[in-house]
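Visitor: I am new to this structure. Could you show me how to read its features, one at a time?

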Amino acid sequence: MSAIARDTDEMLIASRPPPTPQGGVMYWLRTRLFSGPVNSVVSIVTLLLIVRLVWPVIDWALIQADWVGSSRADCTSDGACWVFISTRWSQIVYGFYPLTERWRVDIVLGLFFTLIVWLVMPRLPGKRAAALMALVGLPIIAWVLLLGGMFGLPHVPTRAWGGLMLTLTIAAVGIVGSLPLGVVLALGRRSKMPLVRAICVIFIEFWRGVPLITVLFMSSVMLPLFVPANVEFDKLLRALIGIMLFWSAYMAEVVRSGLQAIDKGQGEAGAALGLGYWLRMRLIILPQALKLVIPGIVNTFIALFKDTSLVLIIGLFDVLSIIQAGLTNSDWLGFAIEGYVFAALVFWVFCFGMSRYSQHLERRLDTGHQH
Amino acid sequence: MLRPSVSIPRRGRGPLWRDPAVRALFFQVMLLAMVLGAIGFLIHNTMTNLDARGIRTGFEFLDHRAGFPVSQTLIDYSSNTSTYGRTFLVGLANTLLVSALGIVAATIIGFLVGLARLSPNWLLARLAGVYVEIFRNIPLLLQILFWYFAVLRTLPSPRQSLSLLDSFYLNVRGLIMPAPEAQAGFMATPLALAAAVVGVIALAIIARRRQAATGQQWPVLPLSLLLLIGLPLATFWMTGAPLEWSTPELSGFNFRGGMQVLPELVALWLALSIYTAAFIAEIVRSGIQSVPHGQTEAARSLSLPGRLTMRRIVIPQAMRVMVPQVTSQYLNLIKNSSLATAIGYPDLVAVFAGTTLNQTGQAIEVMTMTMLVYLSISLIVSALMNLYNARMSLKER
Amino acid sequence: ATLDDVKSRGQLRCGVSDGLAGFSSPNAQGQWQGIDVDFCRAVAAAVFGDPDKVSFAALTAKERFTALQSGEVDLLSRNSTWTASRDNAMGLTFAGVTFYDGQGMMVRKDLGVSSAKELDGASVCVISGTTTELNLADYFRANDMDYNGVSFDETDQSAAGFDSGRCDVLTSDSSQLAALRLQLADPESAVILPERISKEPLGPAVRQGDEQWMKVVRWTLYAMLNAEESGINSDNIDEMRDSPKTPDDARLLGRDGNFGEQMGLSNDWAYNIIKGVGNYGEIFERNVGMDSPLTLERGENALWNDGGLQYGMPVR
Amino acid sequence: MSDTQHRPAATGEATPMVTISRLNKWYGDFHVLRDIDLSVARGERIVICGPSGSGKSTLIRCINHLEAHQQGEIVVNGIPMTNDVKRIEQIRRNVGMVFQHFNLFPHLTVLENCCLSPIWVQKKPRREAEKSAMEYLERVRIANQAHKYPGQLSGGQQQRVAIARALCMHPEVMLFDEPTSALDPEMIKEVLDVMIELAHEGMTMLCVTHEMGFARTVADRVIFMDEGQIVESAPPETFFNEPRSSRTREFLGQILGH
Amino acid sequence: MSDTQHRPAATGEATPMVTISRLNKWYGDFHVLRDIDLSVARGERIVICGPSGSGKSTLIRCINHLEAHQQGEIVVNGIPMTNDVKRIEQIRRNVGMVFQHFNLFPHLTVLENCCLSPIWVQKKPRREAEKSAMEYLERVRIANQAHKYPGQLSGGQQQRVAIARALCMHPEVMLFDEPTSALDPEMIKEVLDVMIELAHEGMTMLCVTHEMGFARTVADRVIFMDEGQIVESAPPETFFNEPRSSRTREFLGQILGH
Ligand SMILES: Nc1ncnc2c1ncn2[C@@H]1O[C@H](COP(=O)(O)OP(=O)(O)OP(=O)(O)O)[C@@H](O)[C@H]1O
Ligand SMILES: Nc1ncnc2c1ncn2[C@@H]1O[C@H](COP(=O)(O)OP(=O)(O)OP(=O)(O)O)[C@@H](O)[C@H]1O
Ligand SMILES: [Mg+2]
Ligand SMILES: [Mg+2]
């Protein structure tokens with residue numbers, strides 16, 4: 001017995017650093033891609049497939065493409081004609097926002113992206129201030145600047161909004177609005193009061209059940225029938241409310257599924273500490289439940305982001321619709337592929353960003369709890 | 001001592017509004033009043049406004065002749081004689097068809113991709129990740145267009161159709177197959193199918209009994225499949241194959257006779273399943289991750305193999321997290337099927353809320369009907385899933 | 001009344017298409033362009049003297065009538081065909097015809113078809129929710145032929161479907177067919193058949209029961225037609241007003257009589273239209289005619305005295 | 001043990017801290033608690049023991065209304081328990097609890113777990129709360145783990161965190177549900193020492209435990225439960241030496257036997 | 001205790017059941033297990049004790065590969081542990097485990113929990129599996145709860161289910177991670193009796209526990225761990241009466257002190 005053989009009072013074995021794991025490209029390749037016959041075949045097939053599929057796309061989109069010019073006449077090569085995008089660029093970003101006022105959009109977008117970066121970069125300090133700014137400051141500033149009509153800024157009606165700025169506005173408002181609403185609905189659905197529960201269930205199932213298109217259709221072209229004569233609502237506002245209610249129902253179900261997975265003991269422990277219902281939810285249950293369903297929340301955010309295109313129904317042009325509308329211009333008939341590819345890229349970049357950030361969050365919030 | 005039938009009320013000695021029962025009642029009555037009030041207000045307004053604008057309402061239009069053709073009809077329909085009411089049913093059937101196909105496919109792909117994302121095989125996990133990131137992050141409309149034109153581009157024109165046995169043809173107009181026409185005596189085959197279904201159920205029960213008694217496990221799935229396919233087929237041949245096939249023939253521009261699977265349907269189905277599967281995959285992943293690690297460890301220490309651990313331990317518990325969200329995805333898929341209009345698949349929105357609405361101009365009726373239909377489909381799906389969810393929920397103290 | 005509402009709002013709300021070459025689509029600067037758009041601007045000019053006092057609501061085919069019925073827009077100028085049922089049963093009134101169109105058919109050359117009558121059994125791509133879809137059905141039934149319809153909701157997609165061989169025939173208003181043909185990968189692979197299978201008079205519509213507003217819209221169109229007939233255009237209008245050549249011109253341009261006031265407008269209403277937007281010919285050439293990529297002939301849309309159908313009622 | 005003589009006069013106080021009278025509880029048709037009568041004086045230390053499934057946990061969970069009872073009355077610190085949410089919260093603020101399964105909050109660090117109640121319920125400044133939490137963590141000897149998450153601790157470490165967390169509330173009554181079950185003997189002693197100190201500070205304690213050593217040396221009264229009833233309730237000397245009921249004798253026989 | 005003399009000759013067997021040599025394991029940079037050498041003979045009963053966080057759980061979790069180790073070798077029943085899944089499953093089929101936190105399957109009833117492995121791994125007929133499960137449940141005295149769900153049981157009841165579940169596999173080695181922590185003394189005795197019976201049937205056991213009584217009467221060898229190492233390994237008489245290391249003496253001092 002080695003333990004017995006040890007000197008009794010100096011038996012301490014010093015803590016050693018762990019053995020360094022093997023490294024190097026070859027090791028990586030061997031373990032990750034070619035660790036067995038099946039794996040190797042899969043790897044090779046995949047690599048071939050990637051080359052077969054991706055190369056023509058690169059060739060078309062980058063190598064053979066035309067980049068500069070001002071009209072379709074400048075597109076001479078076989079590849080993509082990005083001239084369409086470059087001539088339409090400002091419209092894709094600003095929609096129909098008046099030329100002379102676009103600096104206002106620039107400020108808001110600049111502020112928006114700065115805040116996002118600030119919130120997302122883990123190393124930057126002052127997260128609380130940034131969050132406050134993003135949730136309170138930015139909306140006010142955006143509202144004043146974008147809409148105008150005060151402080152000597154000319155009024156820009158929401159009809160003139162469009163393109164990326166509209167997409168981002170709707171998505172941001174939708175995301176920021178639907179999450180808390182969804183949480184409240186989810187809690188309501190699990191409430192012990194039968195009527196509150198019934199109303200939340202009805203609300204959720206109703207909004208989950210109807211297509212957003214018909215909701216927007218009703219809210220845009222039929223709303224004047226539902227409200228007393230000469231009551232006027234801004235169309236964008238209607239869309240925002242519709243989108244928020246619609247997606248909050250989805251969010252509620254995501255949150256509910258998270259709540260279902262939380263151990264009852266957690267709530268009891270909170271109660272035993274004297275925390276009231278709301279504090280218990282806020283400090284104990286929701287943080288865990290929401291963490292659990294981050295993928296579902298991001299699913300909803302991504303779906304919401306892409307669904308902003310539906311505001312075309314109410315005559316507003318988001319990125320996709322404005323590209324589509326541009327394609328109907330008689331100068332640019334027949335460039336649909338470029339337009340659609342570019343639209344896909346724009347959506348992809350934003351959604352991918354959200355997706356990556358959420359995965360980063362999942363990893364960061366992992367506290368190694370194993371029960 | 002038996003449990004008292006009525007638990008003794010313990011009214012708080014504090015003020016009345018502190019009593020939770022009183023409080024709950026008050027809030028609930030308030031809420032109900034508000035909701036009812038809002039609904040009444042809306043209805044009243046609509047009626048006055050309709051009156052004031054002299055807009056005709058009513059459902060007589062459903063009996064008027066529609067007069068436009070629909071490219072895929074699962075039920076009898078003819079542009080000459082059928083009514084607008086019929087277009088509603090035709091569109092509904094098409095929506096249900098593509099939704100059902102999509103839900104099945106999306107569930108399967110979604111589960112596989114979600115499991116693959118957690119696979120220890122690095123490449124598989126990475127591929128699944130790429131799948132999710134690509135198909136989740138691009139608008140569905142663009143994906144539908146992509147698949148549609150990708151499908152169309154790879155298929156030959158009718159005259160160069162790929163053909164099999166001179167009765168199956170594949171071309172840009174779709175897959176054209178012989179259509180069966182039942183003759184006398186055909187009824188035996190469906191009856192045989194029903195018998196097979198009963199047989200499968202019996203088989204499952206017997207297999208279970210047998211397992212209980214001897215521990216032998218039968219390959220129930222293959223046996224059931226054999227039964228389900230074999231029995232009707234055998235009956236069919238034995239009764240003398242009482243089916244006439246109307247074989248398609250190329251005449252003029254197109255094939256006539258036979259039945260056809262439209263490329264629109266295939267493209268829409270592909271796009272819907274692939275897109276929704278990306279979402280389901282993420283839900284599956286989060287569901288599986290929500291199961292405490294201790295559960296897997298316990299299963300492993302009982303030496304359950306990996307697949308069984310997944311099936312018996314992890315997935316049943318992951319369902320709590322997955323079911324409400326997957327329900328949402330099913331509902332989304334059903335609703336997203338209305339993007340069909342972009343590629344000319346005649347679903348409910350395209351046929352009824354599109355063409356019919358435009359011909360008749362009766363927006364309120366048409367939109368309400370459309371909304372109600374989606375709502376009912378959704379409620380049915382959601383009710384079924386909630387039932388399942390309630391069964392999955394844990395028994396706790 | 002609508003006119004008062006519009007005036008008090010200070011802006012005309014006009015429903016246009018969410019994208020249709022030559023009729024309404026946004027240009028690179030984000031301004032709406034097209035015949036339908038210019039007509040909206042003309043009405044705005046007539047009411048306010050300023051063609052820019054108009055806000056455009058982009059409407060899909062499905063929404064257009066509902067939006068007008070519900071009061072979401074004051075005027076619908078969205079390539080809509082004037083039909084009896086729309087005029088009578090839907091609570092709308094058409095105010096005139098801005099564009100005489102007809103439904104045509106385009107087929108692949110390699111089918112070797114030269115007449116629509118030979119299309120029995122063909123697959124046809126069509127835009128859903130339009131009169132086109134119904135005309136198509138009628139035409140084939142009348143000629144005792146069969147067809148498979150594939151209904152898309154966007155012109156673009158239907159053209160792409162045709163291009164990829166999904167359909168043998170693409171049908172649409174002939175004003176669009178020419179443009180769609182240019183979009184094909186190889187425009188030479190398709191021909192437009194000579195038949196017009198329907199009449200498609202496209203025009204602006206207003207809500208039923210508001211005579212005054214309907215007349216404002218109708219006379220806006222007549223003013224543009226009359227201006228073209230008298231050779232008045234946006235370049236020469238100032239000198240024409242200062243020295244009208246004929247009494248007709250004088251009345252049209254508000255030098256004589258109070259025809260504007262009779263409608264509830266100012267007397268220089270027609271001047272404002274021509275000055276701000278142009279006469280009918282200008283609008284046509286600019287948006288769909290020879291000055292545009294669509295290069296459509298005037299055809300039926302020529303003035304009556306050039307052998308066309310466009311006829312402005314006299315201002316008298 | 002040396003501290004037996006420091007025990008405060010447990011019965012000298014005027015109002016009892018916890019009074020339970022004719023408490024009955026059912027799970028479905030299963031009668032878990034039957035006619036429980038119990039009065040706990042201020043500063044009294046009570047040990048509850050009994051076979052597994054006899055309703056010990058259920059009883060102490062009723063005291064801070066984690067389980068609703070169907071019949072009977074519970075009065076804690078003069079506040080009668082009703083369904084009123086405010087009142088339940090008021091009671092819970094005075095009652096600390098250590099769970100059999102710890103129920104630590106996995107998304108918060110050890111320190112955050114401990115500061116939760118002081119900061120949010122007692123509205124203490126964070127710094128102060130953290131200081132006092134660190135003191136308790138020090139007492140249970142895991143101050144050095146303060147910034148780890150519960151998932152990274154061993155079972156015994158988690159249990160000590162659970163104790164520290166309950167103590168940080170400065171409750172007047174502490175309920176312990178087998179607080180030493182996951183500890184090694186060394187640790188048990190330390191935890192018990194902490195509990196004894198608390199008792200000196202006048203804290204009332206109800207402790208479900210099978211540490212008979214603890215019961216013998218620390219408890220003012222030992223309660224033996226079986227099948228949902230209080231079978232025996234007596235000071236430790238009487239309890240261990242001359243138990244009245246035969247069921248208790250049997251139980252004690254087992255303990256002394258192994 | 002009466003059964004001490006029935007102990008089988010633990011060291012008389014030819015091949016050891018479990019052999020661990022120079023086992024090292026790190027959590028990140030934290031060196032949890034340091035140069036562990038241990039050989040367990042067939043039918044031997046080993047008790048592992050030591051302060052909280054000393055790596056006891058980690059050690060036994062390595063034996064059925066719930067934790068991967070970085071250095072050293074483990075051989076169970078003649079099968080060397082590698083990364084090969086098949087082989088790991090083969091090892092696990094011989095090794096039962098009772099977890100510190102029970103880890104029962106909450107969606108299955110008690111009986112289903114117990115029958116899972118017999119039915120699906122050992123392919124026993126359900127009826128037979130259920131019968132044998134009921135026997136084990138009877139042994140740990142919760143046969144009457146067989147159709148409840150784990151969430152409806154008391155802590156002690158859950159622990160007994162966990163033991164029964166592991167026994168239902170009929171393993172050759174049992175790993176117990178504090179199997180009696182949530183039990184009352186009566187129950188502890190019964191569970192220990194079950195364990196002793198198992199030992200008579202020739203089962204090898206590694207048991208992390210702080211029940212020194214159990215160690216004294218049942219163990220063939222007691223192992224004391226501290227800071228990830230085996231500090232002392234000796235038969236109980238030697239261990240308790242003449243421990244060699246001062247660390248052990250200190251630890252025992254604490255136990256005897258309270
Ligand atoms: N995932 C992890 N990451 C970092 N450290 C860990 C992790 N898991 C366990 N540890 C540490 O490893 C050490 C040994 O843990 P282990 O669970 O084996 O202790 P133990 O001896 O079983 O203690 P106890 O008797 O309290 O259960 C502890 O100090 C613990 O904090
Ligand atoms: N939700 C429930 N439904 C039915 N029976 C339940 C439920 N919860 C607990 N029980 C039963 O109530 C009894 C008392 O449980 P309790 O947890 O109070 O026991 P305990 O005395 O604390 O036991 P232990 O010492 O094992 O923790 C047990 O027999 C248990 O099976
Ligand atoms: Mg208990
Ligand atoms: Mg441990």
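Visitor: How many salt bridges does the rule find across the interface of chain C and chain B?

Guide: A salt bridge pairs a side-chain nitrogen of Lys or Arg with a carboxyl oxygen of Asp or Glu, within 4 Å. In this predicted model, the rule finds 1 across the interface of chain C and chain B. B:E264 and C:R166 form a salt bridge there. Their closest N and O atoms are 2.5 Å apart.

Visitor: Which elements of chain C give two or more residues to the side that touches chain B?

Guide: They are α3 (64–70), α4 (84–89), β8 (122–127), α5 (131–142), β9 (147–152) and α6 (155–163) of chain C. The largest share comes from β9(C), with 6 residues. By class, this side of chain C has 15 nonpolar, 16 polar and 11 charged residues.

Visitor: How is the size of an interface given?

Guide: It is often given as the accessible area lost when the parts come together. Chain C and chain B bury about 3,200 Å² between them. Carbon and sulfur atoms give 49% of that area. The contact joins 42 residues of chain C to 38 residues of chain B.

Visitor: Which residues of chain C lose the most area to chain B?

Guide: C:K62, C:R141 and C:R166 do. Together they make up 20% of what that side buries. C:R166 is also the chain C partner in the salt bridge with B:E264.

Visitor: Which chains have the most contacts between them?

Guide: Chains A and B do, among the 8 pairs of chains that touch. Chain A brings 67 residues to the contact, and chain B brings 65. The area buried between chain A and chain B is about 5,600 Å², with 63% of it on carbon and sulfur atoms.

Visitor: What polar links cross the interface of chain A and chain B?

Guide: There are 22 residue pairs in polar contact, both residues at pLDDT 80 or more. The rule also finds 1 salt bridge across this interface. A:E362 forms it with B:R285, and the closest N and O atoms are 3.0 Å apart.

Visitor: Which element gives the most to the side of chain A that touches chain B?

Guide: That is α15(A), with 11 residues. Sorted by class, this side of chain A has 42 nonpolar, 14 polar and 11 charged residues.

Visitor: How many salt bridges does the structure hold over all chains?

Guide: The total is 42. One of them joins the side chains of A:E253 and A:R189, at 2.7 Å from N to O. This pair links distant parts of the chain, 64 residues apart. A:E253 sits in helix α10 of chain A, and A:R189 in helix α7 (residues 163–189) of chain A.

Visitor: Now the ligands. Where does ligand 1 lie?

Guide: Look between chains D and E. There are 18 residues around ligand 1, and D:S154, E:S52, E:G53, E:S57 and E:T58 come nearest. Next, check the atom pairs. A polar side-chain atom of E:T58 is 2.5 Å from an oxygen atom of ligand 1. A polar backbone atom of E:G53 is 2.8 Å from an oxygen atom of this ligand. The protein covers 85% of the 640 Å² of accessible area that ligand 1 has on its own.

Visitor: What classes of residue form the shell around ligand 1?

Guide: The shell has 3 nonpolar, 12 polar and 3 charged residues.

Visitor: Why is the site of ligand 2 shared between chains?

Guide: It is shared because residues from chains B, D and E surround ligand 2. The count is 22 residues, and the closest are D:K56, D:S57, D:T58, E:S154 and E:G156.

Visitor: Which polar side-chain atoms lie by an oxygen atom of ligand 2?

Guide: D:S57 has one at 2.4 Å. D:T58 has one at 2.4 Å. E:S154 has one at 2.7 Å. The protein covers 95% of the 650 Å² of accessible area that ligand 2 has on its own. By class, the shell around ligand 2 divides into 4 nonpolar, 13 polar and 5 charged residues.

Methods
Residues are numbered from 1 along each chain as its sequence is written. Chains are lettered from A and ligands numbered from 1 in the order in which they are written. This is a predicted model: local features need pLDDT of at least 70, side-chain atom pairs count only at pLDDT 80 or more; totals for chains, interfaces and linings use all residues. Side-chain values use heavy atoms; hydrogens and water are left out. Contact means heavy atoms within 4.5 Å. Buried area is the accessible area (1.4 Å probe) that two parts lose on being put together, summed over both. A polar contact is a pair of N or O atoms within 3.5 Å; within protein, one must be able to donate a hydrogen and the other to accept it, and residues adjacent in sequence count only if both atoms are side-chain atoms. Helices (H or I, at least four residues) and strands (E, at least two) are DSSP runs, numbered from the N terminus. Ala, Val, Leu, Ile, Met, Phe, Trp, Tyr, Cys and Pro count as nonpolar, Asp, Glu, Lys and Arg as charged, and the others, Gly among them, as polar. A residue is near a molecule or strand if one of its heavy atoms lies within 4 Å of it. Accessible areas come from the Shrake-Rupley method with a 1.4 Å probe; for residues, only the protein chains shown count as cover.
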